[in-house]
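Please read it alongside the sequence and the model.

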Amino acid sequence: MNKFQEKYASEIQKIFEKYPPERVRSAVMPLLYLAQSQEGYVDNHAIEDIAEILEITPTEVAAIIGFYSLYHDQPEGKIRIQVCTDLPCALRGADKFLAELCQALEIQPGETTADGLITVEAVMCLAACDKAPMFQTQSSEGIAYHENMTVEKTMALVEDWRNNQ
């Protein structure tokens, strides 16, 4: 039994009850969510432990983390601002919004502010093309969508977050 299994034995059992034994590897996403729930990211030890539990390779587990924007493999800001930059959003100004937001925060896309509060990322398709520029935030409070945004409105949110931490 690895550390992840020891720490989350009852939660893992509940997750596995939802899958037939021959499809248990389908539990990879709930296990990743469980691993990420504590620290805000999935570390290499958890990746290896989940791979061992499901009898798949760590590379297969890491590929899922890399594909989905809701999983993270490194610690970053307490609040992640994920700006949709796919083509429809770009046509409505998302690229310019992302650049100006990062400039206002004094970071580059993918970086975290000096105070450790905000990480800004470019992501694809958040399903609100008609309301771009838009982004979702991920934090300990959950996920929230912010549509028809400007840098000014976003910086007001950032100020509120800074004042309430």
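D115 is located in the loop between α7 (94-105) and β2 (118-123); helices (H or I, at least four residues) and strands (E, at least two) are DSSP runs, numbered from the N terminus. The model is predicted, so local features need pLDDT of at least 70 and side-chain atom pairs count only at pLDDT 80 or more, while totals for chains, interfaces and linings use all residues. Residues are numbered from 1 along each chain as its sequence is written, and side-chain values use heavy atoms, with hydrogens and water left out.

D115 is partly exposed, with a relative accessible area of 39%; on this scale buried means under 20% relative accessible area, exposed over 50%, and partly exposed in between (1.4 Å probe, protein chains only). The side chain of D115 forms a polar contact of 2.8 Å with the side chain of R162. A polar contact is a pair of N or O atoms within 3.5 Å; within protein, one must be able to donate a hydrogen and the other to accept it, and residues adjacent in sequence count only if both atoms are side-chain atoms. A polar atom of the D115 side chain also lies 3.0 Å from the backbone nitrogen of L117.

D115 and R162 form a salt bridge as well, with the closest N and O atoms 2.8 Å apart. This pair links distant parts of the chain, since R162 belongs to helix α8 (residues 151-163) and the two residues are 47 residues apart. R162 is partly exposed at 27% relative accessibility.

## Salt bridges

A salt bridge is a side-chain nitrogen of Lys or Arg within 4 Å of a carboxyl oxygen of Asp or Glu. By this rule the count is 6.

| E60 | R25 | 3.2 Å |

E60 forms its salt bridge with R25. That pair joins distant parts of the chain: E60 is in helix α5 and R25 is in the loop between α2 (9-16) and α3, 35 residues apart. E60 is partly exposed at 33% relative accessible area, and R25 is partly exposed at 46%. In the D130 pair, D130 is exposed, with a relative accessible area of 51%, whereas K131 is partly exposed at 29%. Elsewhere, E76, R80 and E121 are linked in a network of salt bridges.

D86 lies in the loop between β1 (79-84) and α6 (87-91). D86 is buried yet has no salt bridge, and the nearest side chain of opposite charge, R92, is 9.7 Å away. Lys and Arg count here as positive and Asp and Glu as negative; His and the chain ends are not counted. The D86 side chain instead reaches the backbone nitrogen of C125 at 3.5 Å. Leaving aside residues up to four places away in sequence, D86 touches V123, M124 and C125, where contact means heavy atoms within 4.5 Å.

Q138 is part of strand β3 (residues 135-139). Q138 counts as buried because its relative accessibility is 10%. Its side chain makes polar contacts with the side chain of Q82 at 2.6 Å and with the side chain of H72 at 3.0 Å. Beyond residues up to four places away in sequence, Q138 touches several others, including S69, L70, I79 and I143.

## Backbone geometry

The peptide bond from A132 to P133 is cis, with omega near -5 degrees, and P133 falls in the loop between β2 and β3. E55 has a phi near 60 degrees, a positive value in a residue other than glycine. E55 sits in the loop between α4 (44-54) and α5 (58-67) and is exposed at 72% relative accessibility. E106, also not a glycine, has a positive phi of about 60 degrees. E106 is in the loop between α7 and β2 and is exposed, with a relative accessible area of 74%.

## The chain as a whole

The chain has 8 helices and 4 strands, in the order α-α-α-α-α-β-α-α-β-β-β-α along the sequence. Of its 165 residues, 40% count as buried.
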